[in-house]
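I opened the structure today and kept notes as I went. The entries below follow my own order of looking.

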Amino acid sequence: MLGLIGTPVEHSKSPAMYNYCFQKFDLDWAYLAFDIPAEQAGEAVAAIRTLGMRGANVTMPCKNAVIPFVDALTPAARAIQAVNTIVNEGGVLVGHNTDGCGYTQNLRRNGIEVAGKKIVLLGGGGAASAIAIQAALEGAAEIAVFNLRDAFWPRVEQGLKAIAQAAPGCAISLQDLEDRSALKAAIDRCDILSNATRVGMAPYEDQSNITDLSWFRPDLVVTDVVYAPPETKMLREARVAGCKTCDGLGMLLCQGAEAFRLYSGLEMPVEEIRALLYT
Ligand code: NAD
């Protein structure tokens, strides 16, 4: 048995995604969604041990709350203090974070490696941190993070320090998203522009952090973490300007595929799942 823990989970597509794969590969496994508030994260992790579950995906608000109860963390999960996948390795519970792998794997599927690249990363929350640590661990040369000077700022500063310590080869900086000249200068010299803010999803679906479309150039790769809508305003405008784009749905599917690989050693049929669940 496997499952999803967090709340709310009733509309999650994870059970359909994983159960489809179990059937496809003829695995006698089952995946359920469990509605677990952060205060019960410890009991939910204990249940993984008690029931001998192979593992669980972890969503909000439990990504941080499960940490004291697992036995080991991967370097990425430790650096960003967030776990989205727990794998039961013969009684040892290992906490992973596959969001960042989902991002780099989605790029890879589109023929792009992050190693050696300069990245401008908009946002500093959960999705942005996962991208930053994974890109840094995979050898990105530079990550220039831009965030609003909002309630997130002090946490973003702290979080980036931990990432820089875990991956000292990558030059990481933090600047104000409202400093448009700094943002333009950074985009001019970067290879990949990555939106990891909530801009692009409801209620900001008609907004983009990039308002001057002349900043897009055909050799710029533009990516978004937002997956609803699958093509955000920023991605649409970048695509029209001739940029290569990678969407948040691809990242979402690839992070699920990475978890499936950890659970089963098998490759999830990502395009099949995309067509089945998201069209
Ligand atoms: P979060 O709350 O941790 O972080 C939100 C970020 O957005 C912060 O950096 C904040 O400063 C910024 N922000 C919020 N409102 C803004 C505005 N009006 N203008 C500019 N910046 C603004 O959220 P999160 O968990 O990082 O999620 C962010 C987005 O990523 C959501 O749309 C979420 O659905 C998506 N996400 C996608 C995947 C995936 O696999 N594709 C995974 C995780 C999250």
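**Entry 1: the model**
I noted at the outset that this is a predicted model.

**Entry 2: around the ligand**
I began with the ligand. Which residues come nearest to it? I found 22 residues around the ligand, and the nearest are Ala127, Asn147, Asp150, Arg198 and Met201. I then sorted the shell by class. It has 12 nonpolar residues, eight polar ones and two charged ones.

Next I asked which helices supply at least two residues of the shell. I wrote down α5, residues 126-137, and α9, residues 248-264. The largest share comes from α9, with three residues.

**Entry 3: polar atoms at the ligand**
I looked up distances to oxygen atoms of the ligand. The side chain of Asp150 has an N or O atom 2.7 Å from a ligand oxygen. For Arg198, a polar side-chain atom lies 2.8 Å from an oxygen atom of the ligand. Leu252 takes part through its backbone: one of its polar backbone atoms is 3.4 Å from a ligand oxygen. I also checked how much of the ligand the protein covers. On its own the ligand has 860 Å² of accessible area, and the protein covers 83% of it.

**Entry 4: the parallel sheet**
I traced an open sheet of six strands. The order is β9-β8-β7-β10-β11-β12, and the pairing is parallel. On average, neighbouring strands here are turned by 20 degrees against each other, direction ignored.

β7 (residues 118-122) and β10 (residues 192-195) run parallel and are joined by four bridges. Within this pair, Leu121 has Ser194 of β10 as its bridge partner. I then looked at what packs on the sheet. Helix α8, residues 233-240, touches β10, β11 (221-224) and β12. The direction of α8 makes about 160 degrees with that of β11.

**Entry 5: the mixed sheet**
I traced another open sheet of six strands, in the order β2-β1-β3-β5-β6-β4. Its pairing is mixed. Which strands are at its edges? They are β2 and β4, and each pairs on one side only.

β3 and β5 (residues 85-89) run antiparallel, with three bridges joining them. Ala56 stands opposite Ile86 in β5. Helix α1 lies across β1 (2-6), β2 and β3. I read its angle to β2 as about 160 degrees.

I reminded myself of the background first. Most peptide bonds are trans, and most residues other than glycine have a negative phi.

Where are the cis bonds I noted? One runs from Met60 to Pro61, with omega near 5 degrees. Pro61 sits in the loop between β3 (55-58) and β4 (72-73). Another cis bond runs from Ala228 to Pro229, also with omega near 5 degrees. Pro229 lies in the loop between β11 and α8.

I ended with phi. Asp26 is not a glycine, yet its phi is positive, at about 60 degrees. I placed Asp26 in the loop between α1 (14-24) and β2 (31-35).

Notes. Residues are numbered from 1 along each chain as its sequence is written. This is a predicted model: local features need pLDDT of at least 70, side-chain atom pairs count only at pLDDT 80 or more; totals for chains, interfaces and linings use all residues. Side-chain values use heavy atoms; hydrogens and water are left out. A residue is near a molecule or strand if one of its heavy atoms lies within 4 Å of it. A polar contact is a pair of N or O atoms within 3.5 Å; within protein, one must be able to donate a hydrogen and the other to accept it, and residues adjacent in sequence count only if both atoms are side-chain atoms. Accessible areas come from the Shrake-Rupley method with a 1.4 Å probe; for residues, only the protein chains shown count as cover. Ala, Val, Leu, Ile, Met, Phe, Trp, Tyr, Cys and Pro count as nonpolar, Asp, Glu, Lys and Arg as charged, and the others, Gly among them, as polar. Two strands pair if DSSP finds at least two bridges between them. Axes are lines fitted to C-alpha atoms, for helices over the stretch in contact, and angles run from 0 to 180 degrees between N-to-C directions. Contact means heavy atoms within 4.5 Å.
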